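Here's a quick tour of a protein chain, kept friendly for a first look.

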Amino acid sequence: MPRVDADLKLDFKDVLLRPKRSSLRSRAEVDLTRTFFFRNSKQTYTGIPVIVSNMDTVGTFEMAQVMAKYTMFTAIHKHYSLEQWKLFASDHPECIEHIAVSSGSGLADFEKLINIIEAIPLVKYICLDVANGYSEHFVEFVKAVHVRFPKHTIMAGNVVTGEMVEELLLSGADIIKVGIGPGSVCTTRIKTGVGYPQLSAVIECADSAHGLQGHIISDGGCSCPGDVAKAFGAGADFVMLGGMFAGHDQSAGDIVEKNGKKVKLFYGMSSDTAMKKHAGGVADYRASEGKTVEVPYKGDVENTIRDILGGLRSACTYVGAAKLKELSRRATFIRVQTHHTREMKSIFTSQVAKHLSEI
């Protein structure tokens, strides 16, 4: 018999952070740097735990160069060749500690992953990315990668429930990607009816991961800096962003002019666009679960980085968190009936456009 879980589940748009008394004088006092020790790889990470998604429009080498300046992270998309990897590693060794090499779960993916890591041994992070992290095949693949690279830190997903977070951690992953359907160009919820409200998914998965000394990434659903703050407040160790980093100089794709405005394409990795580009088209047995959109051209990504980090520091001051580490302990969410995320996203985009006009 079908079962209905009647517990209320919430998305970022359903809540706001409640302000609290604070001894902080200025947002400049807030420390956004985190240090993590990973349970399986035994490696240590230090940096600002915001990650550029491994989508081929944003997870670029050009993006990684800027992100590394801020000790932020980039999950490099999986479509670069071995030769491109070697050239980047040779020209930009300072970026290597802040990037991950991405892979699917196929045999060809595994072979390419091995070739890249053997050629560039300083790369210590692996991002194993599939749409459905619940398959037994994916669990076995995570185990195989961990056996092959036991000292590499493995990100794996995507999942949205605590029991699967625990299984992937016990299979050798260190950081679990949490999110099914919340991305701005993801249509999984529409096409399949499958998903989980992102705020609740992060809260529940963080609880499961932290009980095993594991970590999670909130992947998807953030359309403005306030959503990033909510994700960290909900217990995420890292927050992965795609749409918020689209449309920049460092994003892939050409700038085109439409109706007098400059735009760039941004698309989901399960979209028609991505599958035509990388697989020759959508296979007969599946449906596209992503869309292609035109996003306003935003110029240099540093403007967006400063807005995100500024909003995050401000959120910490509102709740009295001197360090990002303290945000989840200081966070109290209040439910709201109307929270206009689209309006907030429009404000955020206009702020970035204002930066461009002032340059």
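Rings of Phe, Tyr and Trp (its six-membered ring) count as a pair if their centres lie within 6.5 Å; planes under 30 degrees apart are called stacked, over 60 edge-to-face, and the rest tilted. By that rule, the structure holds ten aromatic pairs. Keep in mind that this is a predicted model: local features need pLDDT of at least 70, side-chain atom pairs count only at pLDDT 80 or more, and totals for chains, interfaces and linings use all residues. Residues are numbered from 1 along each chain as its sequence is written, and side-chain values use heavy atoms, with hydrogens and water left out.

**The overall picture**

- The chain's secondary structure comes to twelve helices and 15 strands; these are DSSP runs numbered from the N terminus (helices are H or I with at least four residues, strands are E with at least two).
- Buried residues make up 52% of the chain's 359 residues, where buried means under 20% relative accessible area, exposed over 50%, and partly exposed in between (1.4 Å probe, protein chains only).
- Take the contacts (heavy atoms within 4.5 Å) between residues at least 6 apart in sequence: 68% of them join residues at least 24 apart.

**Aromatic rings**

- Phenylalanine 36 and tyrosine 45 have ring centres 6.1 Å apart and planes at 15 degrees, so they're stacked.
- Phenylalanine 36 and tyrosine 45 are buried.
- Phenylalanine 73 and tyrosine 125 are an edge-to-face pair, because their planes sit at 80 degrees, with centres 5.0 Å apart.
- Phenylalanine 73 is in strand E5 (residues 73-76) and tyrosine 125 in strand E7 (residues 125-129), so this pair ties together parts 52 residues apart in sequence.
- Phenylalanine 73 and tyrosine 125 are both buried as well.
- One aromatic cluster is formed by Phe36, Phe38, Tyr45, Phe73, Tyr125 and Phe238.

**Nonpolar cores**

- A nonpolar core is a set of buried Ala, Val, Leu, Ile, Met, Phe, Trp, Tyr and Cys residues joined through side-chain atoms within 4.5 Å.
- The largest one has 90 residues, and Trp85, Leu128 and Phe245 touch the most other members.
- Helix H10 (residues 301-319) gives this core its largest share, eight residues.
- A second, separate core has 14 residues, including Tyr45 and Phe238.

- Helix H4 (residues 136-148) and helix H5 (residues 162-170) have axes that come within 9 Å and cross at roughly 30 degrees; axes are lines fitted to C-alpha atoms over the stretch in contact, and angles run from 0 to 180 degrees between N-to-C directions.
- On the H4 side you'll find Phe138, Val139 and Val142, which meet Met164, Glu167 and Leu168 in H5.

**Leucine 24**

- Leucine 24 lies in the loop between strand E1 (15-17) and strand E2 (34-37).
- Leucine 24 is buried, at 18% relative accessible area.
- Leucine 24 and alanine 322 are 298 residues apart in sequence, yet 6.9 Å apart in space, C-alpha to C-alpha.

**Cysteines**

- How many disulfides (pairs of cysteine sulfur atoms within 2.5 Å) are there? The count comes to zero.
- Cysteine 222 is in no disulfide, and its nearest cysteine sulfur, that of cysteine 224, is 7.8 Å away.
- Cysteine 222 counts as buried at 11% relative accessibility, and cysteine 224 is buried at 3%.

Notes
A disulfide is a pair of cysteine sulfur atoms within 2.5 Å.
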